[in-house]
Each structure stands twice: as C-alpha cells, then as structure tokens.
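Here are my notes for a first look. Please read them with the model open.

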Amino acid sequence: MEHRNETVAIVGAGDYIGAEIAKKFAAEGYTIVAGRRNGEKLTPLVEQIEAAGGRIFARSQDAREPNDVTAFLNEADALAPLALTVFNVGANVNFPILETTDRVFRKVWEMACFAGFVTGRESARLMLARGKGKIFFTGATASRRGGKGYAAFASAKFGLKAVAEAMARELWPQHIHVAHLTIDAGVDTAWVRQIIKDRGGPDDPQGLIPPEAIADAYWELFCQPETAWTFEKEIRPYGETW
C-alpha cells in the first residue's frame, strides 16, 4: 500500500458507515483518525485496517464538547495535513411528540447539529491555513422531511444541512469542498434489521444500502475536481420510494 502524507478525520466512526469510510480511505493510503464515544469499541476497526497495511489512530471523543472536537482535529492535522473531515454522528431517535422531552430534543440537537457546526468550523480553521481541504456531512431521510415521531431528529438534521450549505457558500470560493450526503434509505446494519424484524418484516429485508457502497460514494465525491464539485449527494437503492 502506498501511504499518502494526509489524514482523514472521522467524527462519529460507528460500526457501519463510519467504519466502512475509514476502511475505504485507509485502503487508498490515507492515515485515519477515528473518533467516537467509548473509543475502545474501535478496536476491531483498528485491527482490520492495520492487518490490511493501513494506518489508523482511534480516540474516545464526545462530539458535543467543542474542546474535544478541537483537540481531535488538531491531533489529526499534526500527524499529517488534514485532507478530509467526515461528520458522521447519528442521533436517530423516534418518539411521539408528547414523549419528546426537553432533554431528548436538546441532546439530539447537540449531537446531530451543534456538533456538526463545531466540527465544520474547526476543520475549516485548519484547512483555510493551507487553502485546501474537504468537509463532508452525513445526512439522512430526516434531512429531507420530518417523519412521524422524528421531531427532534429531523429538526437537527435539517439544521445540519443548513450549516453545511452556509459553509459551502462561504468556503467553496476558498477551495474548501463542503458537501452534504443524504442517506435516504435504511442502511444494512444489525440494528436496522432488528427494527424491521420487530415490526413484523422479513428476516432478510430487501432495499437496504450496504455500508461499503456508501463509503464508495464518499470516495467518488472526494475525488471530484474543484471545477465540478457536488454539494448535495443523495444516496438510495433502486427500490426506495422518494
């Protein structure tokens, strides 16, 4: 593997989308700096990437804490210039409106919107110094419409998209590619399969997106020349209604 002298920072490196993005970019030679709450859960990902010859640094991180985010990104940039930051924090919850407490609403907003703003701001601070870089935000179906029971999640994801668009308008002319990727379908994870099964669906549901296919979409976006950048990229399987 040919190693590049650049890093990719992933805020919210979960077991599926975040992990597959990490593996994809590590396979392309980038040093990965992966963060999530309970960083010890990243051990299997570290083992996979290192076994394949890649480089990865795993860190515990609370994306709601600005100091944590700043320190995390500064560390990534100190290892090698920061080429890409991926904000991939989920916070997907479903509550009827009368059961959506103040605490739930505030916590979801902090995780899915405020943390994205801080991640984008601190990434831009580092990237503007050298006049290049990319910042990608992971969205969801809730970024497009507010579904039943998703008042907290949809409002946060709508807000995150607005943050991303405002940043793109400001930073594109300064050679920083900001993009928002809407994952408009269920992702093929054990958690999603269990939800479908609990609702009486099939054990082997169709129409879910493999996480590795999402990682490929991030790579394609990353490779775009600045003469033809995409801001909004929607990803869904062929059978998804929208």
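1. In helix H1, the buried residues are Ile17, Gly18, Ala19, Glu20, Ile21, Ala22, Phe25 and Ala26. That makes eight of 11 residues, and H1 is mostly covered. Bear in mind that this is a predicted model.

2. Take H2 next. Helix H1 spans residues 17–27 and helix H2 spans residues 43–51. Their axes come within 10 Å and cross at roughly 20°. Angles under 35 degrees count as roughly parallel, so H1 and H2 are roughly parallel to each other. The crossing of H1 past H2 is right-handed.

3. Which residues make this contact? H1 supplies Ala19, Ala22, Lys23 and Ala26. H2 supplies Leu45, Gln48 and Ile49. Sorted by class, the contact of H1 with H2 has five nonpolar residues, one polar and one charged.

4. Look just past the end of H1. Gly29 sits there with a positive phi of about 100°.

5. Now the cysteines. A disulfide is a covalent bond between the sulfur atoms of two cysteines. With a cut-off of 2.5 Å between cysteine sulfur atoms, the count comes to zero disulfides. Is Cys113 buried or exposed? Cys113 is buried, because its relative accessible area is 8%, under the 20% cut-off. Cys223 is partly exposed, at 44%.

Notes: Residues numbered from 1 in each chain as written. Predicted model: local features only at pLDDT ≥ 70, side-chain atom pairs only at ≥ 80, totals over all residues. Heavy atoms only, no water. Axes fitted to C-alpha atoms, helices over the stretch in contact; angles between N-to-C directions. Helix = DSSP H or I, 4+ residues; strand = E, 2+ residues; numbered from the N terminus. Parallel < 35°, antiparallel > 145°, perpendicular 65-115°, else oblique. Left-handed = near helix turned anticlockwise from the far one by under 90°. Contact = heavy atoms within 4.5 Å. Nonpolar A, V, L, I, M, F, W, Y, C, P; charged D, E, K, R; others polar. Buried < 20%, exposed > 50% of the residue type's maximum accessible area, 1.4 Å probe, protein only.
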